[in-house]
Amino acid sequence: MYRKHFGLSRHPFAKDLAAEDLFASAAVTELEARLRHLLDLRGIGLVTGEPGGGKTTVCRKVTASLHSGLYRVFYVSLSTGNVMDVYKSIAWELGLPTERSRAALYRVIRAEVTRLCLETKVRPVLIVDDAQYLRSDVLEELRLLTNYEMDSQNRLCLLLVGQAELRRRIAMAVHEALSQRVVVRHHMAGLVRDELAAYLGHLLRLAGTELPLFEPAALEAIYHATTGLPRKVNLLAHHALTAAALAKKQAVTAEHVQAALPETT
């Protein structure tokens, strides 16, 4: 409802932000560099962060930039099932028949990874999102999927993405074999305080305005309430703009942010 009031051409906090329009914060830039390093190594990567920190968005940006003739990316978000469920999800992403036995699924997935690498010269990349929910036996099976030629070759790049709990789980003794094979591990932080004004300005510019719609005190209140997590920032800024529009003001004040807080909890 505030788009007309502030003269915006689109919703500034929509989820469908194009990958190339992602704000280049320090956290985003660092994670991009680490992901590209992982792709070069073709090993196992671990990316964690708080909910709403932008982990999946950055992964989407990096994978969207990959040459389709050199990489094939498979995304799996079903992380609460058993080994068969996860294998079936991977097989479906690979365009393979979903075999009825676990052993058969394991074989066809590995055969397809090998075919992609050796015959088509394409590097397969498997991304498992919300991996903090994976069962221990599933984590072990995913490790085995990356083992080729008696562990002498890296054919499948595996990226596990999840919340901070995932780091703790993989550090447990039961997952020592997996932990030793993680070649890139990174915990993504949110926006730092000095980036907030530029972040909101960037999104507002994409929405059609160059005007600074958030007063300095409002920015401080937003950062204090969200600790810089982009999803929380977006939600609170959205409701604060609504509050300012209802009050027929031309900028968001700290009072508007405070009024918007109950809408975000």
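This is a predicted model: local features need pLDDT of at least 70, side-chain atom pairs count only at pLDDT 80 or more; totals for chains, interfaces and linings use all residues.
Biologist: Which residue forms a salt bridge with Glu210?
Modeller: Arg205 does, and the closest N and O atoms of the pair are 3.3 Å apart. A salt bridge here is a side-chain nitrogen of Lys or Arg within 4 Å of a carboxyl oxygen of Asp or Glu.

Biologist: Is Glu210 buried or exposed?
Modeller: Glu210 is exposed, with a relative accessible area of 62%, and Arg205 is partly exposed at 45%. Buried means under 20% relative accessible area, exposed over 50%, and partly exposed in between, using a 1.4 Å probe and protein chains only.

Biologist: How many salt bridges turn up in the whole structure?
Modeller: Ten. One of them pairs Glu140 with Arg143, with the closest N and O atoms 2.4 Å apart.

Biologist: Where do Glu140 and Arg143 sit relative to each other?
Modeller: Both are in helix H6, residues 136-145, and they are separated by about one helical turn because they are three residues apart. Helices (H or I, at least four residues) and strands (E, at least two) are DSSP runs numbered from the N terminus. Glu140 is partly exposed at 26%, whereas Arg143 is buried at 10%.

Biologist: What about Asp137, which partner does that one have?
Modeller: Arg135, with the closest N and O atoms 3.1 Å apart. Asp137 is partly exposed at 30% relative accessibility, and Arg135 is also partly exposed, at 41%.

Biologist: Switching to packing. At what angle do H9 and H11 pack?
Modeller: About 65 degrees, with the axes of H9 (residues 196-206) and H11 (residues 230-246) 12 Å apart. The axes are lines fitted to C-alpha atoms over the stretch in contact, and angles run from 0 to 180 degrees between N-to-C directions.

Biologist: Which residues make the contact?
Modeller: Leu196, Tyr199, Leu200 and Leu203 from H9, against Pro230, Val233, Asn234 and Ala237 from H11. Contact means heavy atoms within 4.5 Å.

Biologist: How do those contact residues divide by type?
Modeller: Seven are nonpolar, one is polar and none is charged. Ala, Val, Leu, Ile, Met, Phe, Trp, Tyr, Cys and Pro count as nonpolar, Asp, Glu, Lys and Arg as charged, and the others, Gly among them, as polar.

Biologist: And H10, which of its residues are buried?
Modeller: In H10, residues 216-226, the buried ones are Ala218, Leu219, Ala221, Ile222, Tyr223 and Thr226.

Biologist: What covers them?
Modeller: The cover includes H9, H11 and helix H12, residues 254-260.

Biologist: Which residue follows H10?
Modeller: Thr227, with a positive phi near 50 degrees.

Biologist: Overall, then, how many helices and strands are there?
Modeller: Twelve helices and five strands. The protein has 265 residues, and 49% of them count as buried. Its C-alpha atoms fill a box of roughly 65 × 40 × 30 Å along the principal axes.

Biologist: What share of the contacts between residues at least 6 apart in sequence join residues at least 24 apart?
Modeller: 72%.

Methods:
Residues are numbered from 1 along each chain as its sequence is written. Side-chain values use heavy atoms; hydrogens and water are left out.
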